[in-house]
Amino acid sequence: RMSLENIIVLAAATGRTLVMPPDAPLYRLRADTKRKQRGFADFFPLEGSSEFRKRVEIISMEEFLRRTGTEGELQVEESARKKVFKAASACVNMKKMDNDCGHMWDHLKRVGYVPEIDADSHCIIFDEQVYQGRSFDKAVEKRIDQFCLKERKQVFYTPE
């Protein structure tokens, strides 16, 4: 639960759209023959209040792929399109199935960018001044140095 809360806070703080993974079978709930797949919305009130919705746009993976997967840098390859879109609505972890989650995750790995950052050697900093292209004062620099320690490389969150 805390991971989801952290992701929601990050989306709200950075103005990003939160894309929810497709419904999928869950280990302890497989015996439910009426509903094989479940998603986060089955357990968390993601619609939230109107104030929440003003701050965080939440869309499904299916909607995300509709918006981005047909053209541009995130375009789904024509040969994989049918399986990727099928998995985006509800997927299973079975390679032989057309709606195998792997079709969608493989596409996202191919078109996405994941920086090589780890908590042991990097310190991610969210600073409004740096985000806006300005420098910060010595007091802020000192606090960052104290927090990140000398061993960790400082990585600033920017609009890029």
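What percentage of the 160 residues in the protein chain do buried residues make up? In this predicted model, the buried share of the protein chain is 26% of its 160 residues.

**Overall architecture**

The protein chain contains 7 helices and 6 strands. Read from the N terminus, its elements follow the order α-β-β-β-α-β-α-α-α-β-α-α-β. The chain is more spread out than a compact globule, because its radius of gyration is 19 Å, well over the 15 Å that the globule rule gives for 160 residues. Along the principal axes, the C-alpha trace extends about 60 × 35 × 30 Å. Among contacts with a separation of 6 or more, 52% are between residues 24 or more positions apart. The accessible surface amounts to about 11,900 Å², and carbon and sulfur atoms contribute 53% of that area.

Helix H4, which covers residues 81-89, has Arg81, Val84, Phe85, Ala87 and Ala88 as its buried residues. These residues lie on the same side of H4, because they cover an arc of only 160 degrees around the axis. Their cover includes helix H3 (61-68) and helix H5 (101-111).

The largest nonpolar core consists of 11 residues: Ala24, Met61, Leu65, Val76, Val84, Phe85, Ala87, Ala88, Cys91, Cys101 and Met104. Two or more residues of this core come from each of the elements H3, H4 and H5, and H4 supplies the largest share, 4 residues. Apart from this core lies another, of 7 residues, with Leu4, Ile8, Met20 and Leu46 among them.

Residues up to four places away in sequence being left out, alanine 87 touches Pro22, Asn99, Asp100, Cys101 and Met104.

**Disulfides**

A search of the whole structure gives 2 disulfides, and with bonded cysteines counted along the chain their pattern is 1-2, 3-4. The table sets out the two links.

| Disulfide | S to S distance | Torsion about the S-S bond |
|---|---|---|
| Cysteine 91 and cysteine 101 | 2.1 Å | 85 degrees |
| Cysteine 123 and cysteine 148 | 2.0 Å | about -60 degrees |

The link of cysteine 91 and cysteine 101 is right-handed. Cysteine 91 is in the loop between H4 and H5 and cysteine 101 is in helix H5, so this pair ties together parts that are 10 residues apart in sequence. Both cysteine 91 and cysteine 101 are buried, and both belong to the largest nonpolar core.

The disulfide of cysteine 123 and cysteine 148 is left-handed, because the torsion about its S-S bond is about -60 degrees. This pair links distant parts of the chain, with cysteine 123 in strand E5 (residues 122-125) and cysteine 148 in helix H7 (residues 138-148), 25 residues apart. Cysteine 123 and cysteine 148 are likewise buried.

**Valine 130**

Is valine 130 buried or exposed? Valine 130 counts as buried because its relative accessibility is 18%, where the cut-off for buried is under 20%. Valine 130 is located in helix H6, which covers residues 128-131. When neighbours within four places in sequence are set aside, valine 130 is in contact with Phe136, Phe156 and Thr158. Proline 115 is 15 residues from valine 130 along the chain, and the C-alpha atoms of these two residues are 19 Å apart.

Notes
Residues numbered from 1 in each chain as written. Predicted model: local features only at pLDDT ≥ 70, side-chain atom pairs only at ≥ 80, totals over all residues. Heavy atoms only, no water. Buried < 20%, exposed > 50% of the residue type's maximum accessible area, 1.4 Å probe, protein only. Arc of directions from axis to C-beta. Contact = heavy atoms within 4.5 Å. Core = buried A, V, L, I, M, F, W, Y, C linked by side-chain atoms within 4.5 Å. Rg over C-alpha atoms; globule rule 2.2 N^0.38 Å. Areas by Shrake-Rupley, 256 points an atom, 1.4 Å probe, with all protein chains shown as cover. Disulfide = S-S within 2.5 Å.
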